[in-house]
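Dear colleague,

I am handing over the structure below, and after it you will find a short account of what was found there. Please read the two side by side.

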Amino acid sequence: MAESTLIPSPDVRSSKAPPTPNSVALDVQRIRKDFPILAQQINGKPLVYLDNAATSQKPRQVIDAVKQFYERDNANVHRSIYRLGERATQAYESARQKVASFIGARDWRSIVFTKSATEAINLVAYAWGRHNLGPGDEVLITEMEHHSNMIPWQLLARDTGATLRYIPIKDDHALDMETARKRLTERTRLVCVVHQSNVFGTVNPVKEITNLAHQVDALMLLDGAQSVPHFKVDVEDLDCDFMAFSGHKMLGPTGVGVLYGKTALLESMEPFLGGGDMIRTVTMEQATWNEIPWKFEAGTPNIAQAIGLGAAVDYLSELGMDSIQQYVNELTEYGRLRLTELPGLTLYGHRPTSSAVLPFNIEGIHPHDVAQVLDDAGIAIRAGHHCAQPLMHRLNVAATCRASFYFYNTFEEIDRLVDGLKAARSVMGLAG
Ligand code: 7TS
């Protein structure tokens with residue numbers, strides 16, 4: 001690691017004093033009471049959950065919405081004339097409208113429920129990519145992508161003969177926009193970019209990239225898996241053609257994700273999966289398709305999970321995305337400041353545009369050992385390649401530790417993390 005070409009984030013030791021805890025309008029102690037899981041002890045110590053980039057915890061309001069659906073309204077959707085069926089359909093479709101308005105989509109028909117961000121991206125790769133791309137066409141992605149926004153394009157290139165190209169990152173871990181401009185040509189048909197990196201927390205200049213993509217008539221797909229939970233994302237303002245995200249990273253249940261797509265595009269696309277509900281008429285030989293978005297929702301959807309996601313959106317909206325963003329920014333900045341107290345610690349990431357995630361390594365300790373020692377202290381962080389192996393390769397490391405925050409985390413929990421890391425150094429016999 002000593003030979004890594006990485007540059008650590010700019011010196012934060014000289015930055016101003018830590019922010020006053022809870023300096024924005026979030027009553028975090030009250031908020032924490034909504035999250036039953038946070039009240040537990042691990043190994044005799046209060047749980048400190050700092051793996052929010054992997055999945056968020058769920059407030060009682062979301063758990064109750066799912067429970068209430070199963071206890072009161074459970075029936076299949078879009079097919080039953082009886083009351084329960086009507087209530088289930090109404091609740092499912094109302095969740096869709098909540099999601100549409102949460103991301104600034106004018107038309108609820110733009111919202112396709114999938115099982116995850118991963119499935120949403122694959123939907124585009126199959127239902128658009130395999131019918132529109134061939135040899136000579138290019139898909140442009142970045143070196144910063146999660147495997148979910150990389151493997152579907154590798155498979156698409158393999159199956160269609162299209163070429164997959166990359167926007168590299170610079171040594172300061174920001175996207176190399178100069179190269180991006182050069183690689184956007186008339187051959188580029190689709191550009192797929194992570195809005196906020198799950199490894200760095202970097203927020204990429206996606207509006208600028210969308211403009212560049214549209215100048216060469218390429219479509220723009222945003223991976224919003226980390227951004228949508230953390231700040232106000234407005235698809236109309238960004239003008240992206242597609243956006244994928246997951247419910248479970250934004251307080252919702254697992255098993256539900258979203259594909260946003262411009263309606264004209266979705267209408268022009270072939271179906272992804274075939275089955276019930278996605279058809280209009282069927283004969284023994286052929287079929288015609290349902291209207292969007294149901295054309296892309298074959299079979300019984302994840303009804304309870306979508307309803308839970310609707311409750312999650314209500315919860316986030318009530319707190320306010322701007323307050324959430326500001327509080328998490330302050331937590332991240334405080335974490336960054338505190339982490340640099342530790343000798344031998346390298347922080348990765350492009351500081352001015354990153355938040356919510358702190359990736360780091362401590363010289364002389366394997367990331368998995370760090371995570372193990374922290375777990376003994378009740379602190380959950382991630383250690384590994386974060387489903388971004390090419391990025392790890394670029395950083396010249398096999399893995400990193402990663403602490404990732406959400407609005408229910410506290411400044412005291414960051415202090416616990418730092419104490420845990422000091423303990424890890426001492427367990428490993430490192431001086432200082
Ligand atoms: N895109 C990004 C940027 C992600 O961070 C993730 C998951 C995905 C796509 C895929 O989401 P899924 O819900 O379909 O799995 N990220 C992580 C992570 O950082 N640790 O565990 C999962």
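The lining of the largest cavity divides into 6 nonpolar residues, no polar residues and 1 charged residue, where Ala, Val, Leu, Ile, Met, Phe, Trp, Tyr, Cys and Pro count as nonpolar, Asp, Glu, Lys and Arg as charged, and the others, Gly among them, as polar. The residues that line this largest cavity are Phe102, Ile103, Val228, Phe231, Lys232, Val233 and Met321, and about 30 Å³ of space lies in it. The structure holds 1 cavity of 30 Å³ or more; a cavity here is a set of points, on a 1 Å grid over the protein atoms alone, where a 1.4 Å probe fits but cannot get out, whereas a pocket is an open set with protein on both sides within 12 Å along at least five of seven lines, and lining residues have an atom within 4 Å of a point. A volume is the space filled by probe spheres set on the points, which are joined across faces, edges and corners.

Before going further, please note that this is a predicted model, in which local features need pLDDT of at least 70 and side-chain atom pairs count only at pLDDT 80 or more, while totals for chains, interfaces and linings use all residues. Residues are numbered from 1 along each chain as its sequence is written, and side-chain values use heavy atoms, with hydrogens and water left out.

The largest pocket is the space taken by the ligand (a molecule sits in a pocket if more than half of its atoms lie within 2 Å of its grid points). About 290 Å³ of space lies in this largest pocket, and of the 21 residues that line it, the closest to its centre are Ala53, His146, Asn198, Gln226 and Lys249. By class, its lining has 7 nonpolar, 10 polar and 4 charged residues.

Around the ligand itself there are 17 residues, of which the closest are Thr118, Asp223, Gln226, Ser246 and His248 (a residue is near if one of its heavy atoms lies within 4 Å). This shell divides into 5 nonpolar, 8 polar and 4 charged residues. Among the polar contacts (pairs of N or O atoms within 3.5 Å; within protein, one must be able to donate a hydrogen and the other to accept it, and residues adjacent in sequence count only if both atoms are side-chain atoms), a polar side-chain atom of Ser246 lies 2.6 Å from an oxygen atom of the ligand, and an N or O atom in the side chain of Asn198 is 2.8 Å from an oxygen atom of the ligand.

Lastly, a cis peptide bond, with omega about 0°, joins Ile292 and Pro293.

With best wishes
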